[in-house]
Amino acid sequence: MPDARAATTYKILLPMKRKPGMSVEAFREYYETHHAPLAARSSGMLSRYVRRYLDAHPHPETGEPGELPYDVITELWFDDEATFRGTLAYLTSSLMPPEIVADEEQLFDRSSFRILTVVEHDTDLDAVRAALKS
């Protein structure tokens with residue numbers, strides 16, 4: 001069975017809401033064509049930079065979801081714990097560079113910003129299934 005540590009991923013999650021008055025379409029377009037490339041210039045320490053746009057759907061028991069508190073969850077992925085911890089320390093104690101802040105003001109409701117962390121452990125399902133067959 002593969003070494004479990006090799007399947008560990010460290011992530012910082014940034015749930016964010018679009019700026020009031022901005023359409024979902026304009027938000028996604030601006031993020032992908034302007035903000036993501038700007039942010040990517042400072043992301044040499046990341047193994048992945050992912051934006052997960054949220055779309056709500058009705059639930060059979062609770063009905064229409066209404067306005068979501070966030071429009072996107074941005075994921076910053078890291079290959080190692082040291083880089084993850086260092087980036088987290090920076091994000092939780094430092095202001096972003098002025099050009100990033102100015103661009104964020106065009107896109108986000110900055111009061112919605114939160115910082116969450118995830119340590120993912122991936123299960124090798126093929127190995128588990130093979131072991132169960134033996």
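## Around E75

In β3, V50 has E75 as its bridge partner; strands here are DSSP E runs of at least two residues, and helices are H or I runs of at least four, numbered from the N terminus. L13 also stands opposite E75 in β3.

This is a predicted model, where local features need pLDDT of at least 70 and side-chain atom pairs count only at pLDDT 80 or more, while totals for chains, interfaces and linings use all residues. Residues are numbered from 1 along each chain as its sequence is written, and side-chain values use heavy atoms, with hydrogens and water left out.

## β3 and its partners

Strand β2 (residues 48-53) runs antiparallel to β3, with six bridges joining them; pairing takes at least two DSSP bridges. β1 and β3 are antiparallel too, joined by seven bridges.

Six of the seven β3 residues are buried, so the strand is largely enclosed by the rest of the structure. Buried means under 20% relative accessible area, exposed over 50%, and partly exposed in between (1.4 Å probe, protein chains only).

## T74

T74 is in strand β3 and counts as buried because its relative accessibility is 1%. Its side chain makes a 2.5 Å polar contact with that of Y31 (N or O atoms within 3.5 Å; within protein, one able to donate a hydrogen and the other to accept it, with sequence neighbours counting only if both atoms are side-chain atoms).

## The core

The largest nonpolar core has 18 residues, and I12, F27 and F108 are among those with the most contacts inside it. Such a core is a set of buried Ala, Val, Leu, Ile, Met, Phe, Trp, Tyr and Cys residues joined through side-chain atoms within 4.5 Å. β1 gives the most, four residues.
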